[in-house]
Amino acid sequence: TAVRFWKASNESGTLTGSATIAAPPPFTINGAPAFDGDVQRKRTRADIALGGTIDAVGVEASGRAGDSQFALHTRLTPFAAVVLEELTLDAHDLDLAAWYAALPSTRLDVKAEGRPANGGISGRFSAENAIPGPLDANRVPVRSIAARFAWRPGEATLDDVVATLGRGRVSGTAQIPLNGGA
């Protein structure tokens, strides 16, 4: 079965594309959707490629959101106990203040990867901030941070945290209760 071209729109933008699902098993999937619009008043464009089978679909996406650029790779297993098999994100020039005015200005390059683990997702991330500065100047004093992470419903943990702040360095671990826990 083939869906040659489709289009869906809402107030944020338009999703267009084409896709095919082959009728005989293993039900091969191929597709090329794209999103074009505005997300939180930021011009956004994402090109997406789908490939695999109905049991394991690879998703490759790249694009821009405002001044930020991103590339995403994920593998989804819709019939498995955990749908997300792997995730890799590479984002550049991310300004937190551009997305939420109460946050300080940043220019972050972020890399993250994760896989299912213990009922959640675990992996590694790193971020470099090209414009660190003092909080009273509406900046983040962190120049870089890297850590292993684990997220499970109710809690996030960070291990092997290493952050560079100005001329100093901080390292350690953190446990963060979620859902209003103390």
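Colleague: Is Asp36 buried, partly exposed or exposed?

Modeller: Keep in mind that this is a predicted model. Asp36 is partly exposed, because its relative accessibility of 30% falls between the 20% and 50% cut-offs.

Colleague: Which side chain meets that of Asp36 in a salt bridge?

Modeller: The general idea comes before the case. Side chains of opposite charge can pair when their charged atoms come close. Here Asp36 pairs with Arg43, at 2.9 Å from N to O.

Colleague: How many salt bridges are there by this rule?

Modeller: Six. One of them joins Arg115 and Glu86, with N to O at 3.1 Å. Arg115 lies in strand 9 and Glu86 in strand 8 (residues 84-94), so the pair ties together parts 29 residues apart in sequence.

Colleague: What is the relative accessible area of Glu86, and what is that of Arg115?

Modeller: Glu86 has 18% and is buried. Arg115 has 44% and is partly exposed.

Colleague: Where do Arg148 and Asp160 lie?

Modeller: Their side chains form a salt bridge at 2.7 Å, N to O. Arg148 is in strand 11 (residues 142-152) and Asp160 is in strand 12 (residues 155-165), 12 residues apart. Arg148 is partly exposed at 37%. Asp160 is partly exposed too, at 46%.

Colleague: Now a loop residue. Is Thr106 buried or exposed?

Modeller: Buried, with a relative accessible area of 4%. Thr106 sits in the loop between helix 1 (96-99) and strand 9 (108-117).

Colleague: Which backbone atom lies 3.0 Å from a polar atom of the Thr106 side chain?

Modeller: The backbone nitrogen of Leu96. Beyond four places in sequence, the contacts of Thr106 include Leu94, Asn129, Ile131 and Val140.

Definitions and conventions: Residues numbered from 1 in each chain as written. Predicted model: local features only at pLDDT ≥ 70, side-chain atom pairs only at ≥ 80, totals over all residues. Heavy atoms only, no water. Helix = DSSP H or I, 4+ residues; strand = E, 2+ residues; numbered from the N terminus. Buried < 20%, exposed > 50% of the residue type's maximum accessible area, 1.4 Å probe, protein only. Polar contact = N/O pair within 3.5 Å; in protein donor to acceptor, adjacent residues only side chain to side chain. Contact = heavy atoms within 4.5 Å. Salt bridge = Lys/Arg side-chain N within 4 Å of Asp/Glu carboxyl O.
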